[in-house]
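Dear colleague,

Please find the structure below. My notes on its packing follow.

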Amino acid sequence: MRFGLDIAQQRMPWSEVASRARFADALGFDGIWGFDHFQPMYGEGPGECFEGNTTLAAWSGLTERVRLGLLVTGMTYRHPAVYAAEAITIDHASGGRLELAYGAAWFDKEHRELGIPFPPLKARIDAFEEAVQIVRGLLTTDGFTFEGVHFQVRDATLRPRPVQQPHPPLWIGASGEKRMMPIAARYADVWHSWGTPESMTSKTQRLSAHAEAAGRDPAEITRASSLSIEDDLDTIAATIDAWEKAGIEYLVCGWPPGGRDPVEQFAKRFLPT
């Protein structure tokens with residue numbers, strides 16, 4: 001099992017965002033994770049909130065070994081060609097430590113208040129499937145052309161190529177079983193979803209069926225979910241065992257209300273020395 005730590009850069013000064021990244025790096029977490037929002041999603045009042053991709057770029061210079069990602073980058077916030085160019089930059093700045101996590105976006109309040117278009121669900125998912133193909137194409141292909149309904153690129157080349165070849169691991173955050181999970185089955189290196197070990201067991205089986213239908217080996221897709229580390233360590237250990245039995249290989253740990261002490265205790269118990 002691999003573990004990431006969700007820092008979610010909201011309602012804290014930049015000094016704390018940076019300090020938590022260095023803290024997680026020193027403890028030995030596999031990854032640190034922010035989120036891709038421009039406003040806090042909980043609490044009262046506006047509050048501090050730092051943009052996601054520029055946060056990853058900054059973390060690349062503050063850390064040495066930990067991998068960097070957002071859970072997950074919202075397709076609606078950037079044209080996929082812009083997102084591909086940003087991903088290349090972060091991958092190089094970090095020496096090949098980017099996790100390229102992508103989703104269709106969902107936070108309608110933020111879109112409405114900031115004037116960012118928020119299409120209906122079907123159109124948004126249709127656009128997301130096009131965007132995934134464009135991002136992969138631009139990271140791997142010179143003179144790439146894609147003519148979609150929502151996005152078009154023509155004879156496009158981005159250089160340099162990513163440090164990670166053929167591209168950084170592509171995570172797709174997907175819980176919808178009719179549209180999003182089949183997209184993840186076709187394109188994702190890592191599938192991330194929420195739920196309990198019991199509910200995710202059946203979902204991973206359905207993901208495997210979708211992958212086989214798409215001509216892929218299901219074993220090519222890493223399964224990831226999330227873990228609360230607010231319980232006592234023995235309870236957490238039992239939960240991790242349940243996740244492993246469900247076929248989950250990567251867990252993103254939420255930052256606990258207790259702050260650094262429970263994070264450090266978790267690391268001592270569950271991370272390699």
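**Packing in the predicted model**

Leaving aside residues up to four places away in sequence, L227 is in contact with F3, I236, T239, I240, W243, L251, V252, C253, G254 and F266; contact means heavy atoms within 4.5 Å. This is a predicted model, in which local features need pLDDT of at least 70 and side-chain atom pairs pLDDT 80 or more, while totals for chains, interfaces and linings use all residues. Residues are numbered from 1 along each chain as its sequence is written, and side-chain values use heavy atoms, without hydrogens and water.

L227 also belongs to the largest nonpolar core, which has 71 residues. Such a core is a set of buried Ala, Val, Leu, Ile, Met, Phe, Trp, Tyr and Cys residues joined through side-chain atoms within 4.5 Å, where buried means under 20% relative accessible area (1.4 Å probe, protein chains only). With F3, F29, Y102, F128, I172 and F266, L227 touches the most other members. Helix α5 (residues 121-140) supplies the largest share of this core, nine residues. Helices here are DSSP runs (H or I, at least four residues) and strands are E runs of at least two, numbered from the N terminus.

Helix α6 (residues 180-187) is mostly covered, with seven of its eight residues buried. These are M180, M181, P182, I183, A184, A185 and Y187. They pack against α5, β8 (170-173), β9 (190-192) and α7 (197-213).

Finally, E16, S19, R20, F23 and L27 in α1 meet R260, V263, E264 and A267 in α9.

Yours sincerely

Conventions:
Buried < 20%, exposed > 50% of the residue type's maximum accessible area, 1.4 Å probe, protein only.
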